[in-house]
Every structure is written in structure tokens, then in C-alpha cells.
Amino acid sequence: MTDTLTELSARVPRNRLPYGSVLETIGWTPLIQLTRITRGLRTPVYGKADFFNPGGSVKDRIGLPIIEQAERDGTLRPGGTIVEGTSGNTGVGLALVAAVKGYRCIFTMPDKMSQEKVRLLKAFGAEVIITPTAVPPDHPDNYVMMAKRIAAETPNAVLANQFYNAANPAAHEASTGPELWEQTEGRITHFVAAAGTGGTLTGVGRYLKAMNPKIQIIAGDPQGSILAEHWRSHGANTVEGAPYKVEGIGQDKLPGTLDMSVIDEFQTVSDKDAFAMARRLTREEGLFVGGSAGLITHVALNVARRINDPDALVVTFLCDTGERYLSKLYSDEWMRENQLLEADRATIAQVMNLKAGETPVMVSTAPGAPVRQALRLMTLHDISQLPVMDGPVCVGSVTEHTLTARALENPKLLDSTIGDVMEPPFPIIDVNTPADNVAKLLSKTNPAVLVQANGTVQGIVTRGDLLQFLMAR
Ligand SMILES: Cc1ncc(COP(=O)(O)O)c(C=O)c1O
């Protein structure tokens with residue numbers, strides 16, 4: 001199935017025809033299979049790479065429909081001003097359109113947002129007003145409240161109003177949803193995203209549920225946002241929001257554009273887990289994304305692990321580019337200052353990834369093989385030990401050091417079988433075992449471990465492999 005999807009996209013040429021403006025390049029973002037952070041999982045997981053949009057985020061999708069709607073309504077006329085309270089990305093989506101169509105932009109933005117985002121909006125010619133994050137949602141200094149006031153007081157100005165504008169979820173129902181359906185040939189089974197305005201979840205959820213009501217719509221929510229609790233209690237529990245660091249998703253107030261009825265499950269995720277996963281997406285998959293994509297992907301992997309089904313197809317949403325967070329989650333100093341950096345959470349899966357280029361991944365011998373053949377095998381592959389495999393089961397081990405010493409003492413040993421001379425098998429560990437724990441298992445007498453995922457041996461990690469991994473880090 002994986003092959004079919006990959007082959008399909010290889011056949012479809014991209015950007016073959018010229019575009020009339022940058023706005024025509026919005027949408028039809030790639031769907032990319034995640035192959036490394038999913039190691040050991042049977043469920044295929046794909047990422048919808050919306051950071052490929054020209055403004056670097058999912059929010060490019062809503063800028064044009066919102067502005068065109070205002071033009072049709074007559075609320076926005078030539079030379080007019082677009083005002084919005086934005087965590088940054090919507091600002092870029094609107095500013096792109098404003099640049100092409102010649103409108104002025106004024107954006108209000110909470111002060112927790114990164115400097116990169118402020119500079120970015122200014123680069124498009126927008127005026128940016130920074131507001132305090134730590135004020136209640138109805139306070140006049142709240143960024144959304146302030147945007148409303150500016151729009152009301154400025155002549156020929158329109159509030160984009162992403163939190164209440166039906167054009168926002170409609171944009172996803174008309175673009176993101178159909179793209180996912182087509183890109184997976186209708187085989188998508190789980191869609192995982194998070195709600196800022198809820199436009200993505202609502203629009204994609206509506207479209208996919210209409211195509212196949214069995215598709216599960218799963219939401220990630222930052223610890224501190226009120227949305228998950230609101231969903232769990234069907235609105236009965238009103239909790240206070242608490243601050244968190246992930247940007248663009250979660251809320252302290254229910255947005256009008258979020259239709260909770262399309263959501264089948266909510267999972268709450270900490271900043272630490274969200275950022276750790278964003279960094280892994282970058283380092284292990286080459287997908288340079290922000291914290292919200294990390295949070296959503298953390299949930300997607302939970303789902304993939306739980307359903308453990310090779311015929312399912314989980315899609316995680318990769319909302320925006322990591323370039324927006326170089327001074328935050330991609331800065332070790334900032335991560336440490338905020339107690340968000342784990343000392344070393346590397347797992348043996350990452351050690352295996354480093355070895356992935358090597359072939360074969362594991363060389364083994366069998367109990368019935370002659371000793372001389374095993375020694376030849378080790379010389380050929382320049383390795384010092386071999387697991388002894390009886391079919392899929394490791395029944396023993398041999399090392400070059402011991403075999404050589406014993407064969408020199410007694411050359412007849414070269415013609416005995418491995419089963420007669422082998423030593424106990426190497427320890428078997430799970431692919432998600434922390435690399436630190438494995439280091440403790442490895443010694444001169446026990447030079448390697450076998451790595452298994454879902455009950456099957458996937459490869460071998462030796463003392464040398466672990467050392468090479470630690471040196472590369
Ligand atoms: C980085 C990021 N991720 C996700 C989202 C959520 O998208 P939506 O507003 O469609 O719920 C946003 C929205 O601002 C965002 O900026």
C-alpha cells in the first residue's frame with residue numbers, strides 16, 4: 001500500500017505549469033510517510049506537510065477565502081485595511097494576499113509569540129501591535145478584543161475574524177479534506193490535528209466524515225488549554241486556561257469555528273513532549289516543523305501504537321515551519337531555561353537509524369553451521385560477534401575472540417558445529433529502550449544486544465555501534 005501511494009505521487013509532476021501569482025501555489029501540500037520515528041510501529045503514519053505552503057503554514061489556506069468573502073460582501077473595498085488578532089501564521093496568510101491585492105494590514109499579537117513571527121509580518125509590510133498574553137479573554141488588551149476595536153475604528157477596514165468566520169472551516173472543507181481523501185485514495189482511517197480556531201479540524205472532519213463516517217477525527221490539545229476538558233465534559237466543566245508554550249493551538253475560550261461534534265477523541269500533551277517530537281521530526285524525518293506539529297504527531301504515534309494495524313492509515317498534520325521557532329524550541333538555551341530539554345532521551349531506535357545505511361542490518365549464523373564458516377563470515381563483514389539464530393529465535397552467540405582462542409588451542413574445533421561451542425544468546429531489548437540503559441548491558445563478555453519490535457528481531461546493536469552513535473551526537 002505504501003508503495004502504491006509513493007509510486008502514485010512519483011508519477012504526478014509538480015509545478016509543471018506557471019502560476020498567475022503566489023496565491024495559486026497555496027494548498028495541494030505533500031503527504032509524506034513518516035518512516036523513522038515510526039520504527040517498530042505496524043500502523044502507517046503520514047504527515048500532511050502544510051508548512052510547504054508559500055507562507056510556511058496551514059493558515060495560507062484561509063487568507064484568500066476570507067478576503068474574497070469580504071470583497072464579495074462589499075465590506076472590503078480597494079485600498080482597504082485587513083485587521084486580525086493572530087498568533088502569527090494567519091497574519092502571514094492574510095499578508096500574502098494583501099501584498100498581491102494591495103491592501104493594508106494591521107495585526108495584534110500576544111507577547112508570547114516569537115520575535116521571528118513579528119519580524120516576518122513586518123517584512124510583508126504589516127503593522128504589528130503586541131498585546132499582553134496574561135490577560136483574560138474578555139479584557140480590552142486581549143489581542144482579539146484589541147483587533148475588534150481597531151477594525152471598528154478604522155475606515156474601510158475589515159476584521160478577518162478567523163475565530164468566528166465560517167469561511168475558515170469552509171476553506172478546509174473545500175481544500176485540505178479533499179486533498180487528503182485523494183492523496184490516500186480514500187484509505188485514510190485517522191486524521192490527527194489540533195485546534196487554534198478549530199478551522200482545520202472542523203473543515204477536514206466534516207469533509208472526511210461525509211466521505212466515510214468511520215474515519216476517526218482525533219484532536220491534540222496542549223496542557224493548559226480548555227478545549228479537551230470542554231469536549232470530555234460536553235461543555236459541563238468550565239476550567240480555567242493555564243499558560244503553555246506551544247504556539248497556535250489550544251484556547252482559553254471556545255472558538256465559534258470549532259465544531260466539537262466532528263471530534264472522536266481528544267488527547268492532552270505537555271510542551272515537553274510536543275517540542276521533543278518536533279525536534280525528532282526535524283532530525284529523524286527531515287521535516288522542519290513547529291511545536292504544534294510535534295504535539296499532533298505525538299498524539300498520532302500514540303494512536304498508531306494503540307491500533308497496531310497495518311491496514312489503517314493515520315495522518316498527522318504538520319502545521320508550520322520550524323524556522324518560526326529558531327529562538328525557541330530549536331534553541332537548546334531556551335529549552336533549558338524553560339526546563340523543556342530532557343538530558344538524553346535517545347532510544348535504541350535512533351541508534352538503529354544511524355545504522356540504517358549499512359547492509360546487512362544483521363549478520364547471523366545457525367546452530368548447524370561449521371565454526372570455520374562462522375569465522376569466515378565475521379572476517380568478511382569485519383565484525384567480532386554473531387548471534388546464533390534458529391529461525392526467528394536467538395539460541396546462542398559466538399565471538400571472534402573466544403572462537404579464535406579456542407581454535408588455536410584445538411584446531412579440530414574448526415570442524416565442529418556452532419551449536420556445540422556457542423555461548424548464551426545476546427540479551428533482547430525493545431526498540432524503544434533508552435540508549436543509556438543499553439550501554440549498561442554491554443560489556444566485554446556481552447558485546448551486543450538484539451533489538452526487537454513487536455516480537456520480531458529487527459537487528460543487532462554492538463558496543464561499537466553505540467559508541468559511534470554517542471560520538472555522532
Ligand atoms: C502553528 C499552528 N498550528 C495549528 C494551528 C491551528 O489551526 P486552526 O486554527 O485551523 O485550528 C494554528 C493556528 O493558528 C497554528 O498557528
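Does Phe124, with its 16 C-beta neighbours inside 10 Å, count as buried, exposed or something in between, and which is it? With that number, Phe124 counts as partly exposed, because a residue is called buried if 20 or more other C-beta atoms lie within 10 Å of its own, exposed if 12 or fewer, and partly exposed in between, with the C-beta atoms placed from the backbone.

Before going on, a word on the ground rules. This is a predicted model, so local features need pLDDT of at least 70 and side-chain atom pairs count only at pLDDT 80 or more, while totals for chains, interfaces and linings use all residues. Residues are numbered from 1 along each chain as its sequence is written.

Back to Phe124. You'll find Phe124 in the loop between helix 4 (115-123) and strand 5 (127-131); helices (H or I, at least four residues) and strands (E, at least two) are DSSP runs, numbered from the N terminus. Leaving out residues up to four places away in sequence, Phe124 touches Val92, Ala95, Leu96 and Ala99. Here, two residues are in contact if their C-beta atoms, placed from the backbone, lie within 7 Å. Gly177 sits 53 residues from Phe124 along the chain, and 29 Å separate their C-alpha atoms.

Now step back to the whole chain. An automatic or database domain assignment supplies the bounds, and the chain is divided into domain 1 (2-51 + 172-236 + 259-344), domain 2 (60-159) and domain 3 (350-472). The C-alpha centres of domain 1 and domain 3 are 38 Å apart. Where these two meet, 6 residues of domain 1 are in contact with 7 residues of domain 3. The domain 1 side of that meeting has no nonpolar, 1 polar and 5 charged residues, where Ala, Val, Leu, Ile, Met, Phe, Trp, Tyr, Cys and Pro count as nonpolar, Asp, Glu, Lys and Arg as charged, and the others, Gly among them, as polar.

What about the inside? In soluble globular proteins, nonpolar side chains tend to be buried together. A nonpolar core is a set of buried Ala, Val, Leu, Ile, Met, Phe, Trp, Tyr and Cys residues joined through C-beta atoms within 7 Å. The largest one has 61 residues, and those with the most contacts inside it are Phe191, Val192, Ala193, Leu201, Ile296 and Ala300. Helix 11 (residues 291-307) gives this core its largest share, 8 residues. Ala300 is in contact with Val45, Val192, Val314 and Thr316, if you set aside its neighbours within four places in sequence. Apart from this core lies another, of 35 residues, among them Ala70, Leu96, Val97 and Ala151.

A residue is near it if the residue's C-beta atom, placed from the backbone, lies within 6 Å. Of the 20 residues around the ligand, Gly196, Thr197, Thr200, Gly248 and Cys319 come nearest. Helix 3 (89-101) and helix 8 (199-211) are the elements that give two or more residues to this shell. By class, the shell has 5 nonpolar, 12 polar and 3 charged residues, and it draws at least three residues from each of domain 1 and domain 2.

Finally, two stops out in the loops. Glu185, between helix 7 (176-183) and strand 7 (190-194), has a phi near 50 degrees, a positive value in a residue other than glycine. Glu185 is exposed, with 12 other C-beta atoms within 10 Å. Gln339, in the loop between helix 12 (332-337) and helix 13 (348-355), also isn't a glycine and has a positive phi of about 50 degrees. With 9 C-beta neighbours inside 10 Å, Gln339 counts as exposed.
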